[in-house]
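User: I would like a close look at a single part of this protein, with the cut-offs behind each term spelled out as you go.

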Amino acid sequence: MGDGNQRTRLAHRVASFGLSNVQILPLQPADTVSDLLAAADILQVNQRVAMTDASLPSKLTSYMLAGRPIVIAAAPTSDTAKLVGGGDAGLVVDAAQPAKLLKAILKGFVRSGSSPWPRRRAQGF
């Protein structure tokens with residue numbers, strides 16, 4: 001969702017893989033964002049490995065309030081990883097290991113229908 005600098009590249013990747021279960025939405029009005037986030041199966045944040053301190057993704061707060069499973073790909077020593085992982089608010093994987101990101105996302109899909117796992121704790125922040 002949004003019009004970030006990777007939107008075109010992601011849309012091409014979705015098309016090239018023929019993914020019918022992925023939607024790339026344009027920027028949405030502020031009053032609909034919380035409903036869209038709450039409807040998501042999983043919310044995912046990517047953060048560059050070099051980003052380790054003094055920077056939290058702005059979307060993270062909205063994701064935590066949505067009460068949905070969150071998977072974070074970030075440097076293990078980053079403030080983002082410490083907040084989410086240390087507070088049991090979601091799953092954190094090393095951004096330098098994409099295979100682990102896939103496993104975390106799949107784990108989230110399996111657990112999202114049957115267990116409140118970290119998503120409920122995220123709402124307490």
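Which residues have the most contacts inside the largest nonpolar core, and how many residues does that core have?

Analyst: This is a predicted model, in which local features need pLDDT of at least 70 and side-chain atom pairs count only at pLDDT 80 or more, while totals for chains, interfaces and linings use all residues. Residues are numbered from 1 along each chain as its sequence is written, and side-chain values use heavy atoms, with hydrogens and water left out.

The largest nonpolar core has 13 residues, and Leu43, Tyr63 and Ile72 are those with the most contacts inside it. A nonpolar core here is a set of buried Ala, Val, Leu, Ile, Met, Phe, Trp, Tyr and Cys residues joined through side-chain atoms within 4.5 Å; buried means under 20% relative accessible area, exposed over 50%, and partly exposed in between, with a 1.4 Å probe and protein chains only. At least two residues of this core come from each of strand S1 (43–46), helix H3 (59–66) and strand S2 (70–74), and H3 gives the most, with 4 residues. In soluble globular proteins, nonpolar side chains tend to be buried together.

Tyrosine 63, leaving aside its neighbours within four places in sequence, is in contact (heavy atoms within 4.5 Å) with Leu37, Leu43, Gln44, Val45, Arg68 and Ile70. Apart from this core lies another, of 7 residues, among them Ile42, Ala73, Leu91 and Ala104.

Not counting residues up to four places away in sequence, threonine 80 touches Gln47, Ser55, Leu56, Pro57, Leu60 and Ile72, and its relative accessibility of 0% is why threonine 80 counts as buried.

Buried residues make up 30% of the 125 residues, and among contacts with a separation of 6 or more, 60% are between residues 24 or more positions apart.

Turning to the surface, Phe17, Leu19 and Val22 form a nonpolar patch with about 270 Å² of accessible area together. Such a patch is made of residues with over 30% relative accessible area and no salt bridge, nonpolar side chains (Val, Leu, Ile, Met, Phe, Trp, Tyr) being joined within 5 Å and like charges within 9 Å; the areas come from the Shrake-Rupley method with a 1.4 Å probe, and for residues only the protein chains shown count as cover. Phenylalanine 17 belongs to helix H1 (residues 7–17) and counts as exposed because its relative accessibility is 56%.

A search of the whole structure finds 1 salt bridge, a term that requires a side-chain nitrogen of Lys or Arg within 4 Å of a carboxyl oxygen of Asp or Glu. Arginine 7 forms a salt bridge with aspartate 3, with the closest N and O atoms 3.7 Å apart.

Finally, on confidence, pLDDT is the predictor's confidence in each residue, from 0 to 100, and the protein averages 80, with 83% of the residues scoring at least 70. Confidence is highest in H1, at a mean of 92, and lowest in helix H6 (residues 117–122), at 49. Where pLDDT is low, the predicted coordinates should not be read in detail.
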